[in-house]
Amino acid sequence: MRCVLLLFGLLAVGPAVAQAQAERPAVLPMRERAVVQDRWLADRLDTVAPALMRRHGVDLWVVLGREYNEDPVLQTMLPATWLSARRRTVLVFHDPGAGRPVERLAVARYDVGPFPRAWEPEDQPDQWARLAEIVAERDPQRIAVNRSPTFALADGLASTEYEALLGALPARYHGRVVSAEPLAVAWLETRTPAELAVYPTVVALARSLLHEGLSTAAVTPGVTTTDDLAWWYRDRVRGLGLRSWFHPGVSVQRTSGTGRSGDFSGRPGETVIQPGDLVWVDFGIEYLGLHTDTQQMAYVLRSGETAPPAGLVAGLRAANRVQDLLTGQFATGRTGNEVLAAALDGARAEGIDATIYTHPIGFHGHGAGPTIGLWDQQGGVPGGGDYPLHPSTAYSIELNAAVAVPEWGGQAVRFMLEEDAVFDGEAVRYLDGRQEALLLIPRPAR
């Protein structure tokens, strides 16, 4: 009976949507996800952490946080079955040098997965005093802690915890305490081969859901509103055992003059989706600890139409060209601001009115790493934009091109795209392709 009902459901939404659902990547049960994530974590701790500590000249790294006020870096180092820290969780990395492996310790009341516990309260009741003992035994020259004026994700050490740490350490070590900003950012932005092998599947899963929503499975022209569609996505994601990391954005542009300005500080009001509308969706999920962030556009066919107006097709092509101009500027060591300026210069030279606001992605939706423009800072972003690009990092290639559409009376239409990609140090590769044709509602029969 279940198979019959499933088949009936697939047929009810139409062949195009049924095919998309059939091709959707499978979603692992929670237990299997935990196995994958713990395997990735063990690999990262054995390979990524030591390499980055040596790159940045750190011989002792302290990562700590209290339950429900976790350092963002700490959260990425906890076992998959730990949904938060427990009491105060202190993780210590120590590089003894001379080619020896990096030591990992947990100064905590509980065992912490791949971090052996190094505190026995029965022997030393004071957790801070035990941490100070560990530091003194190893006598490090640079003690890195997660404090940063630039990157929120690298600024996870609470002020009271920092004060308690300094209070516990002998005075001779105070001058050796340094910001772990470059190390913390690098840890968060670096994607391992194992993660990159699966990331395309995560993005394909998200895109399949995004495309399903931009179809008659979720949209009835003249009835469905933009808010209806946003909540459809929320329910669909939850029904699959996944998580949205932000509320989906849905808006329309139409020939009557309804459109999107370049000011994204507020969401457009609720609108009924009508034939002839250009519909935009901003959608992202978290799966296996990796995030997606994708924007796609669809055209709602009018009666008798089989394709969108040529001006809309040309507008999407212009946005694709901005993507090419941007990704063509990626180079190891170049800063986000340098990439932004060169890409915008290229767009202006070709007469394209472009806005670029691209960001790293991975453990977080708006991840750590170089900021490549903000929608309201096209002249560069001090601090975040000065950070350089590194290999094995992922980005949401987010931007728009404003193009006059002749069929809409020359009205400027904003073609807003966002696609997830990886930079391997030489070139940018989209994790699951990119949108090069407007989706159609309804899909034409094949």
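Where does Asp-139 sit? Asp-139 is found in the loop between α5 (127-138) and β4 (143-145); helices (H or I, at least four residues) and strands (E, at least two) are DSSP runs, numbered from the N terminus. What you have here is a predicted model, in which local features need pLDDT of at least 70 and side-chain atom pairs count only at pLDDT 80 or more, while totals for chains, interfaces and linings use all residues. Residues are numbered from 1 along each chain as its sequence is written, and side-chain values use heavy atoms, with hydrogens and water left out.

Back to the backbone. Most residues other than glycine have a negative phi, and most peptide bonds are trans. Asp-139 has a positive phi, near 50°, and with a relative accessible area of 37% it is partly exposed. The cut-offs here are under 20% relative accessible area for buried, over 50% for exposed, and partly exposed in between (1.4 Å probe, protein chains only). Leu-288 isn't a glycine either, yet its phi is positive at about 60°. Leu-288 belongs to the loop between β9 (285-287) and β10 (290-291), and at 6% relative accessibility it is buried. Then there's the peptide bond from Ile-441 to Pro-442, which is cis, with omega near -5°; Pro-442 lies in the segment after β17 (439-441).

Three strands make up an open sheet in the order β6-β9-β10, with antiparallel pairing. β6 (243-244) and β10 are the edge strands, each with a single partner, so one side of each has no neighbour in the sheet. Strands pair if DSSP finds at least two bridges between them, and β6 and β9 are joined by 2 bridges. Ser-244 stands opposite Ile-285 in β9. Lying across β9 and β10 is helix α8 (residues 193-213), which runs at about 140° to β9. That angle is taken between N-to-C directions, on a scale from 0 to 180 degrees, with axes fitted to C-alpha atoms, for helices over the stretch in contact (heavy atoms within 4.5 Å).

The structure holds 1 cavity of 30 Å³ or more, where a cavity is a set of points on a 1 Å grid over the protein atoms alone at which a 1.4 Å probe fits but cannot get out. About 30 Å³ of space lies in the largest cavity, the volume being the space filled by probe spheres set on the points. Its lining residues, those with an atom within 4 Å of a point, include Leu-188, Glu-189, Arg-191, Phe-363 and His-364. By class, the lining has 4 nonpolar, 3 polar and 2 charged residues, with Gly counted as polar.

Notes
On a 1 Å grid over the protein atoms alone, a cavity is a set of points where a 1.4 Å probe fits but cannot get out, and a pocket is an open set with protein on both sides within 12 Å along at least five of seven lines; lining residues have an atom within 4 Å of a point.
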